[in-house]
Amino acid sequence: MKRFMERHPLVARWFDRPHRSGEIVHRRYEVIEELGMGSYGIAYKGRDHDTGRLVVIKQARRTKGEDGRRLLQREAEMLARLRHPQIPMLHDRFVERGQPYLVMEYIDGETVEDHIFHRGVTYTERTAFRLLLDVLDVVRFIHALGIVHRDLRIPNIIWRGGTVFVIDFGLACYIGESAQWRDDDPLEKRLRREPHPRSDFYALGHFTLFLLYSAYEPTSEEEKSWEEELDLSPKARAILRKMLQLDAPYDHINELMMDVNRLLAERGQAQTVKAENPTSI
Ligand SMILES: Nc1ncnc2c1ncn2[C@@H]1O[C@H](COP(=O)(O)OP(=O)(O)OP(=O)(O)O)[C@@H](O)[C@H]1O
């Protein structure tokens with residue numbers, strides 16, 4: 001049944017019966033619009049009629065059965081622990097018609113993905129590593145609580161009023177938890193999902209490459225590695241190689257932050273200056 005649903009997303013959508021705009025959930029949350037149907041949950045932008053504030057309402061997908069319910073509960077548990085001004089606050093959780101829901105703060109901003117692909121923002125080595133440092137500042141808080149995010153990608157970092165926010169804790173887990181791999185899981189998946197801080201460094205290595213490639217203009221059709229294509233300082237390259245586990249990886253976020261700080265200090269940018277949603281940073 002699960003396989004069938006995976007192969008037929010439109011049928012799965014019918015079974016999942018997502019809420020429509022205008023519907024009221026739990027007698028107080030009005031659905032404004034669907035934000036996205038993810039691997040196990042459906043997220044909506046909504047309004048809390050009791051407080052008037054905008055919220056994100058997330059429900060487990062019926063077609064994901066017990067797995068969906070477990071993962072949604074897990075995300076709520078993580079958000080409840082992670083109380084930080086740059087992480088959405090968990091406002092509420094409840095069960096309605098047998099399905100668990102969570103309600104969290106709506107971050108009214110733009111993702112880094114939107115910045116690059118819709119606004120055409122480009123990053124230099126300096127601005128890319130400065131943004132990385134801002135993200136690491138939040139990730140340090142997450143790791144200090146014994147949690148790894150495991151999904152740090154450009155759509156999960158949001159800019160709002162010059163501050164970065166980290167969202168989507170659907171894959172977050174505790175450091176040292178046992179990972180459940182399938183025999184055919186590719187190495188890339190294992191590197192991104194390992195319940196160890198280095199999986200977040202690995203993901204952020206790719207995140208930083210994404211930023212750096214925003215300014216890259218290909219000069220030939222020939223496919224080359226990022227080290228050949230990007231014009232990076234030796235220090236930047238060394239940091240990325242360790243993050244991507246091409247060299248002995250960082251074990252702790254403090255080592256990584258120290259290296260990034262050193263790189264920025266050389267360029268007179270040691271402080272994390274918060275940029276105001278610029279079009280070219
Ligand atoms: N707190 C939030 N504030 C604003 N937008 C959010 C928030 N949480 C999620 N979103 C947006 O809602 C959409 C769906 O989010 P969700 O966390 O379900 O991620 P997903 O990547 O679609 O699913 P999954 O990671 O579970 O496969 C995304 O576009 C995301 O940017």
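How much space lies in the second largest pocket? I find about 150 Å³ there.

Ground rules first: I am reading a predicted model, where local features need pLDDT of at least 70, side-chain atom pairs count only at pLDDT 80 or more, and totals for chains, interfaces and linings use all residues. Residues are numbered from 1 along each chain as its sequence is written, and side-chain values use heavy atoms, with hydrogens and water left out.

Pocket entry. On a 1 Å grid over the protein atoms alone, a pocket is an open set of points with protein on both sides within 12 Å along at least five of seven lines, a cavity is a set where a 1.4 Å probe fits but cannot get out, and lining residues have an atom within 4 Å of a point. Grid points are joined across faces, edges and corners, and a volume is the space filled by probe spheres set on the points. I listed the lining of the second largest pocket, including Tyr 123, Glu 125, Tyr 216 and Asp 231. By class I get six nonpolar, one polar and three charged residues (Ala, Val, Leu, Ile, Met, Phe, Trp, Tyr, Cys and Pro are nonpolar; Asp, Glu, Lys and Arg charged; the others, Gly among them, polar).

Cavity entry. I see two cavities of 30 Å³ or more. The second largest cavity holds about 30 Å³ of space. Arg 150, Asp 151, Leu 152, Arg 153, Arg 192, Arg 193 and Ala 203 line this cavity, giving two nonpolar, no polar and five charged residues.
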